[in-house]
Every structure is written in C-alpha cells, then in structure tokens.
Amino acid sequence: MYATHITGVLTANPFENNVKLSLARTLPLMTEQDFYSMSTLPTSDVPVWVTHSEHYQLQLLILKAIEEMMPQDLVILLRMQMPAGGRMPKGLLRDHILLLQDVVGEEQQLIRQAQNFAVIDDHIIRYPMEAGDNRVTIRLYSRYQTQYSLAPILDLLNAFKFKDIRFEDHIL
C-alpha cells in the first residue's frame with residue numbers, strides 16, 4: 001500500500017465574507033447548582049473559526065477535491081464530531097462515505113484489505129466546549145504507486161486559511 005498524509009491547521013474563518021446566522025442559545029440555568037455545573041464544564045483555548053454549517057461546507061469541499069484526484073472505487077472515511085449541529089448535507093450521505101467518530105479502527109481494516117481509500121481526520125472545533133485543535137489530516141491510500149496531483153487538496157487548504165501544511169509519502 002502507498003500512503004500520502006496531508007496535514008494543516010485552520011487559522012482563520014475561511015468564509016469570512018458570509019453572513020452568519022446567530023446560533024447562540026441560552027441554557028435553562030435556574031438554580032445555583034445549574035450555574036455551578038455550567039462553570040465546571042471544560043472550555044478550550046483553541047479559537048472557533050467556523051460554524052457547524054461552514055464546517056459541513058469545508059468537509060464537502062475537501063471530499064470533492066479527493067474525489068477529483070483519486071480512483072473511482074474509492075471509500076472515504078470521514079471523522080464526525082458529535083453533536084453534529086444541524087441538518088447534514090446530502091453530499092455526505094453517499095454509499096462510499098463512512099461517517100465515523102473514530103476512523104482509526106476502520107482505517108486499519110482497509111489497510112489490511114489493500115483497498116483504495118481516503119481518510120479525513122478532522123479536529124476542527126465549532127464551539128468553545130468542543131475538543132480539538134483545528135487540525136485536519138487527510139490520508140490517501142492506494143494499492144498502486146500513482147503520481148496523482150495533490151494540487152487540488154493543497155490549493156484548497158491554502159485558499160481556506162490552513163497553515164503549517166505538510167505532506168509525506170509512505171510505503172506500508
């Protein structure tokens with residue numbers, strides 16, 4: 001198996017000129033215990049750059065770039081974070097896309113089967129109490145040593161405010 005790993009960190013809102021619907025909601029905090037419980041919830045120092053719907057848009061763009069460059073018999077593993085936050089777009093609900101919270105187990109199985117596949121291991125946060133580091137890692141696996149162009153993915157990451165973009169090739 002041949003593998004290519006591409007990693008980048010989202011550093012700003014890639015949809016900065018879009019109007020955004022306010023998603024602010026107030027929890028029903030009524031008692032002292034409610035307020036105390038809320039104050040003990042973890043928060044992150046990682047900046048929130050995208051809303052749930054923008055996150056879906058970004059995932060769809062990454063999927064499209066992968067599908068344009070990889071073979072037709074491709075399976076795509078997409079790490080989903082819960083709660084998903086709103087209606088999932090139809091573009092993510094296709095037969096060759098597996099939506100998983102933990103992609104690693106399925107990834108190892110597909111490596112053993114020598115299957116062409118891709119993994120979008122996404123840790124982009126959408127609200128302050130979500131765990132993540134705004135990093136996305138795209139792993140491409142192929143049975144054959146192909147010289148497909150990484151330009152669609154690299155161009156997309158650069159255009160959408162990702163920094164520290166790195167890629168490396170492996171033979172498994």
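Which residues are linked in a network of salt bridges? Arg79, Glu107, Asp121 and Arg139 are. A salt bridge here is a side-chain nitrogen of Lys or Arg within 4 Å of a carboxyl oxygen of Asp or Glu.

## Basis of the model

This is a predicted model, in which local features need pLDDT of at least 70 and side-chain atom pairs count only at pLDDT 80 or more, while totals for chains, interfaces and linings use all residues. Residues are numbered from 1 along each chain as its sequence is written, and side-chain values use heavy atoms, with hydrogens and water left out.

Helices (H or I, at least four residues) and strands (E, at least two) are DSSP runs, numbered from the N terminus. Buried means under 20% relative accessible area, exposed means over 50%, and partly exposed lies in between (1.4 Å probe, protein chains only). Contact means heavy atoms within 4.5 Å.

## Salt bridges

Side chains of opposite charge can pair when their charged atoms come close. The salt-bridge count comes to seven. One of them joins arginine 139 and glutamate 107, with the closest N and O atoms 2.7 Å apart. This pair links distant parts of the chain: arginine 139 sits in strand S5, glutamate 107 in helix H3 (residues 104-112), 32 residues apart. Both arginine 139 and glutamate 107 are buried.

Arginine 94 and glutamate 67 also meet through their side chains in a salt bridge (3.1 Å, N to O). Arginine 94 is in the loop between S2 and strand S3 (97-100), and glutamate 67 is in helix H2, 27 residues apart. Arginine 94 counts as partly exposed because its relative accessibility is 31%. Glutamate 67 is partly exposed too, at 26%. A further salt bridge pairs glutamate 130 with arginine 126 (2.4 Å, N to O). Both of these residues are buried.

## Arginine 79

Arginine 79 is a member of the network. Its place is strand S2 (residues 75-79). With a relative accessible area of 17%, arginine 79 is buried. A polar atom of its side chain lies 2.7 Å from the backbone oxygen of aspartate 122.

What does arginine 79 contact, leaving aside its neighbours within four places in sequence? The partners are Gln59, Leu100, Gln101, Val103, Ile120, Asp121, Asp122 and His123.

## Aromatic pairs

The structure holds two aromatic pairs. Rings of Phe, Tyr and Trp (its six-membered ring) pair if their centres lie within 6.5 Å; planes under 30 degrees apart count as stacked, over 60 as edge-to-face and the rest as tilted. Phenylalanine 15 and phenylalanine 160 form a tilted pair, 5.6 Å centre to centre with 55 degrees between the planes. The pair links distant parts of the chain, 145 residues apart. Phenylalanine 15 is in the loop between strand S1 (2-10) and helix H1 (32-39), and phenylalanine 160 is in the loop between helix H4 (151-159) and strand S6 (162-171). Phenylalanine 15 is buried at 7% relative accessible area. Phenylalanine 160 is buried at 18%.

The rings of phenylalanine 117 and tyrosine 141 have their centres 4.3 Å apart and their planes at 15 degrees, so this pair is stacked. Phenylalanine 117 lies in strand S4 (residues 117-123) and tyrosine 141 in strand S5, so the pair ties together parts 24 residues apart in sequence. Both phenylalanine 117 and tyrosine 141 are buried.

## Leucine 140

Leucine 140 lies in strand S5 (residues 135-142). Is it buried or exposed? Leucine 140 counts as buried because its relative accessibility is 0%. Leaving aside neighbours within four places in sequence, its contacts include Tyr2, Ile6, Ile66, Met69, Phe117, Leu150 and Ile153.

Leucine 140 and arginine 126 are 14 residues apart in sequence and 25 Å apart in space, C-alpha to C-alpha.

## Helix H4

In H4, Ile153, Leu154, Leu156 and Leu157 are buried. Seen down the axis of H4, the buried residues fall within an arc of 160 degrees, so they line one face of the helix. The arc is that of the directions from the helix axis to the C-beta atoms. On the other side of H4, Asp155 and Ala159 are exposed.

Against which elements do the buried residues of H4 pack? They pack against S1, helix H2 (52-69), S5 and S6. Lysine 161 follows H4, and its phi is positive, near 70 degrees.

How values were computed
A polar contact is a pair of N or O atoms within 3.5 Å; within protein, one must be able to donate a hydrogen and the other to accept it, and residues adjacent in sequence count only if both atoms are side-chain atoms.
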